[in-house]
Amino acid sequence: MLRFILKRLLITIPTILVVITITWGLIRLAPGNFYSGEKPIPKAIENNIREKYGLNKPWYVQYGKMMGHVLVLDFGTSLKYEGQSVNGIIRRSLPVSAAIGLSAYLLALLVGITLGSLAALKQNSKLDYASMALAMVGISVPNFVLGPILVLIFSLTLYWFPPARWYGFPSRGMVLPVLTLSGIYMAYIARLTRAGMLEVLRSDYIRTARSKGLSERQVVMRHALRGGLMPVVSFTGPALAFLLTGTVVVERLFTLPGLGNYFIQASLNRDEPLIIGIVSFIAITLLLMNLVVDIAYAYLDPRIRY
Amino acid sequence: MNEDERTPEPEIIHTPPEFVVAEEEFHTPAGEEIIAGTSLWKDAWRRLLKNRLAVFGMIVVILVAIASLIGPEIIKRVNGFGPDYIPSDSQLIKSFAPFKAPDGSFSWKHPMGTDNQGRDIMARVLQGGQISLMVGIIATIVSLLIGVAYGAVAGYLGGRIDNLMMRFVDILYSLPYIILVIVLLAMFRSSTAVGQLVLLFIALGSVSWLTMARIVRGQVLSLKNQEFVLAARATGVSTARIIFRHIVPNTLGPVIVYATLTIPTVMLSEAFLSYLGFGVQPPLASWGSLASDGIQNIAIFPWQLIFPGLTMALTLFSLNFLGDGLRDALDPQMRK
Amino acid sequence: MPLSKMNNNGNLLEVTDLRTYFDTEDGIVKAVDGISFQLKRGETLGIVGESGSGKSVTNLSIIRLVPTPPGKIVSGKVIFDGQNLLTLSNEAVRHIRGRRIAMIFQDPMTSLNPFMKVSRQLMEMTRLHLGHTKQQAYEHAIKMLETVGIPDARARANNYPHEFSGGMRQRVMIAMALSCEPELLIADEPTTALDVTIQAQILELIKRLKQATGTSVILITHDLGIVAGMTDHLLVMYAGKIFEQAPTKELFATPGNPYTKGLLRSVPDPTAEQGELYQIPGLPPDVAHLPPGCPFAARCDRVQEICHREFPPFVQLTADHCSLCHFAHEVYEESRAEGARSSESNL
């Protein structure tokens with residue numbers, strides 16, 4: 001096990017460095033600069049700026065400096081939000097994204113697994129068709145369409161929840177962002193659960209369990225659920241990556257001061273330290289989470305040993 | 001967890017679905033695979049037509065595609081205005097509700113209403129459909145080309161190279177690629193709308209091929225060692241014939257299925273990027289960018305969001321059903 | 001529940017006109033179509049047939065484990081110790097499954113829950129049916145594992161199924177099936193997935209445990225060689241029907257059905273000098289589209305015109321020997337003549 005973790009870390013670290021390098025390369029290879037706006041600026045001022053940010057140095061010096069920041073996990077100061085450290089911005093915005101993202105994922109697990117298992121147990125019933133149709137809707141409606149529609153109904157018509165802004169955790173303001181974000185995961189998880197459960201319910205060992213005289217409830221809870229939910233466990237890795245893109249949209253829709261919103265702003269502003277900082281943070285989190293998921297998978301499935 | 005010396009079976013994750021009775025007791029005679037070669041597609045087609053949701057999906061997709069292609073032109077002929085026509089009246093509010101004329105009376109002119117500048121939303125949605133579908137199809141083709149080539153090479157060569165190539169895919173899988181796509185699109189933002197569109201094809205195509213590569217590789221890998229291929233090889237059938245008569249037709253099914261399911265995913269990504277302002281740029285419009293424009297006015301002019309949004313959702317919905325139906329039809333093992 | 005209602009002339013199980021159909025895309029598949037047989041206490045019945053003949057479905061029908069849909073038990077009676085299992089409530093059937101009728105399945109690789117320790121899977125049986133406490137159940141599980149010959153059972157009990165070999169897994173299955181001392185054990189191709197040497201061991205084990213506990217056994221197999229030394233009676237099934245039914249010795253000595261003769265000829269005989277093994281020509285029929293006549297007609301070596309036209313009668317040859325064939329008597333007489341000749345030549 002320990003060897004597996006070490007081996008995975010050995011792959012993970014270069015991967016993170018590659019991601020950061022690609023990001024940095026994209027920023028540098030692209031024409032234009034963060035300071036170049038609509039109007040051209042005088043040469044002298046430009047030289048001053050380049051001097052100040054070390055842009056006049058050879059690329060490998062700049063790359064080295066950037067990597068130096070990354071290695072000590074101190075990403076420097078933002079170019080656009082003057083005087084603010086990138087670490088500070090991440091520290092402030094992360095809780096918002098995490099609160100929304102994790103709540104949404106938990107909600108999705110709860111609803112998705114319930115719907116999916118029920119659909120599998122009552123295969124080809126009305127319930128099955130209804131929940132699978134609903135899941136298909138969930139997959140097909142983009143969250144930036146779902147969100148405004150929810151706002152239209154629940155804030156602007158019924159006045160139940162605020163339509164935007166961050167009110168802390170937990171708060172009524174979180175309800176609509178979380179619903180908007182979790183929609184597609186509910187749908188995915190419901191479909192995965194159904195497929196996984198159907199496969200397991202058809203398997204030989206479930207027939208054995210039934211032949212033992214266990215009740216249907218015991219067969220499902222004790223024997224089927226574990227195997228049936230394995231696809232959901234392995235989905236958690238990609239889901240986290242997905243969740244990230246989701247939070248970007250939701251934070252923008254509901255004007256929440258989260259990581260995703262800062263990332264979009266930073267990309268538009270070509271705010272290099274902030275981009276590098278957020279990308280590094282996201283890459284590290286994702287890859288570590290993937291590792292955790294793999295370990296969990298091995299723990300849950302005794303057949304898998306690393 | 002203890003480091004056990006007992007050798008476990010190699011990474012069995014799921015036992016293959018084994019239907020209690022049907023498979024064991026009524027399995028068709030061996031060798032069917034070769035006999036069925038010609039009727040496989042006919043058979044799949046018959047199964048597809050039995051699936052009502054898939055047929056519904058197929059019809060909707062075809063209708064939407066046709067409407068997007070010829071709709072704007074028809075509207076122009078009938079009503080005399082195109083998607084970009086801005087009426088020159090000086091009214092303050094130019095966004096009219098569906099089926100409403102400027103004076104509030106009933107009118108057939110704008111079944112989906114008009115936008116802030118008074119442009120007909122239906123015409124714009126239909127024209128946006130051209131872009132949305134184009135992005136979906138072209139990016140999928142890009143991903144198809146990369147994925148099939150990569151997967152086939154990995155699967156065919158096997159061994160160390162296969163291992164290396166697939167490890168690379170694993171790494172890419174775990175990357176937050178959409179983040180990289182955003183950085184790419186933001187940094188290389190093109191000054192022309194068409195340039196940005198091309199950038200979008202490349203960006204989406206180059207991140208969507210991973211699953212395709214995995215599927216093709218898996219297929220090639222299992223097919224090249226299957227009895228009917230070995231038998232063909234043993235009886236002296238040429239390699240080319242083995243590949244084209246036995247392997248390719250068998251990978252084609254999953255490839256078609258997965259390609260069908262990639263189109264809505266790509267379209268969704270396009271919409272997502274357009275919403276964030278990195279995707280399709282004016283004067284071009286896609287469903288994503290139209291919906292994104294509509295969000296600003298959701299409180300007063302909800303139709304500006306709802307029609308592009310619903311059209312896109314309906315299309316994605318149909319494509320997903322079609323893809324699911326194709327999978328069920330082409331891959332009987334996956335069937336319930 | 002009274003354990004021994006010794007009515008039914010000592011029959012533990014009486015199956016009458018059992019029909020199980022499957023609703024498939026290709027139409028209705030009559031997997032089991034009018035099967036009747038009896039099983040006495042302590043007896044062993046063999047059910048033989050090629051795959052697709054309906055032998056597994058017969059037994060899944062007995063304990064009502066046919067997947068529904070698509071399967072459905074259309075008609076028939078399954079009288080187990082005086083009760084018709086097909087009309088009992090689900091609840092009541094569950095008390096019989098595992099407790100009084102236990103099953104062993106074909107593939108020990110997939111028939112055990114891969115996520116559960118072997119001990120827990122065994123304990124589940126006695127805790128459910130015998131009301132054992134955790135401790136009792138655990139000790140009983142280890143005792144059962146020892147009984148079926150798992151070395152170092154106490155340590156192995158805490159392993160997962162994948163840590164056992166195929167033969168050992170089948171032993172675990174047997175231990176599990178027998179842990180509540182069932183009155184009937186249904187073994188569905190228990191050795192098909194195993195190596196030949198392991199097969200012999202497992203069969204020997206079933207035989208030994210059967211003698212020790214007095215359990216009745218239904219042994220399903222496609223291999224006549226297995227059945228010879230193990231069973232008292234035999235059913236030969238083909239296309240969902242019983243083709244021949246007789247005491248094992250009689251069936252081997254004087255088969256009254258061309259299909260059975262074909263099966264017997266295809267059993268490898270170690271004493272025979274001839275190298276080539278006989279194989280019944282053709283493939284089992286598509287049960288969804290059976291011809292009007294005899295389902296075996298297309299493969300039969302003595303087929304007549306009538307065979308294609310009319311469904312054959314179920315002919316009674318002796319008191320407990322029946323055969324489904326238009327020419328049952330003729331085949332039977334031939335077999336007797338052959339038997340007489342070969343015993344003469346042996347003398």
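**Entry 1: chain A against chain B, charged pairs**

I began at the interface of chain A and chain B, where I found 1 salt bridge, a term I use for a side-chain nitrogen of Lys or Arg within 4 Å of a carboxyl oxygen of Asp or Glu. I then looked up the partners, and they are A:Arg191 and B:Asp324, with N and O 3.0 Å apart.

I note here that this is a predicted model, in which local features need pLDDT of at least 70 and side-chain atom pairs count only at pLDDT 80 or more, while totals for chains, interfaces and linings use all residues. Residues are numbered from 1 along each chain as its sequence is written, chains are lettered from A and ligands numbered from 1 in the order in which they are written, and side-chain values use heavy atoms, with hydrogens and water left out.

**Entry 2: chain A against chain B, extent**

I counted contact next, meaning heavy atoms within 4.5 Å, and it takes 62 residues from chain A and 53 residues from chain B. The two chains bury about 5,200 Å² between them, 74% of it on carbon and sulfur atoms; buried area is the accessible area (1.4 Å probe) that two parts lose on being put together, summed over both. On the chain A side, A:Phe144, A:Arg202 and A:Arg303 supply 14% of the area buried against chain B, more than any other three residues.

**Entry 3: chain A against chain C**

I turned to chain C and saw that 27 of its residues are in contact with 20 residues of chain A. Here the chains bury about 2,100 Å² between them, with 61% of it on carbon and sulfur atoms. Within chain A, the residues that lose the most area to chain C are A:Arg207, A:Ser211 and A:Lys212, together 29% of what that side buries.

I found 2 salt bridges between chain A and chain C, and I looked up one of them, A:Arg222 with C:Glu124, whose closest N and O atoms are 2.9 Å apart. Which helices of chain A each supply at least two residues of the side that touches chain C? I wrote down helix H8 (204-211) and helix H9 (216-228), helices being DSSP runs of H or I with at least four residues, numbered from the N terminus. H8(A) gives the most to this side, with 6 residues.

By class, I listed 5 nonpolar, 7 polar and 8 charged residues on the side of chain A that touches chain C, where Ala, Val, Leu, Ile, Met, Phe, Trp, Tyr, Cys and Pro count as nonpolar, Asp, Glu, Lys and Arg as charged, and the others, Gly among them, as polar.
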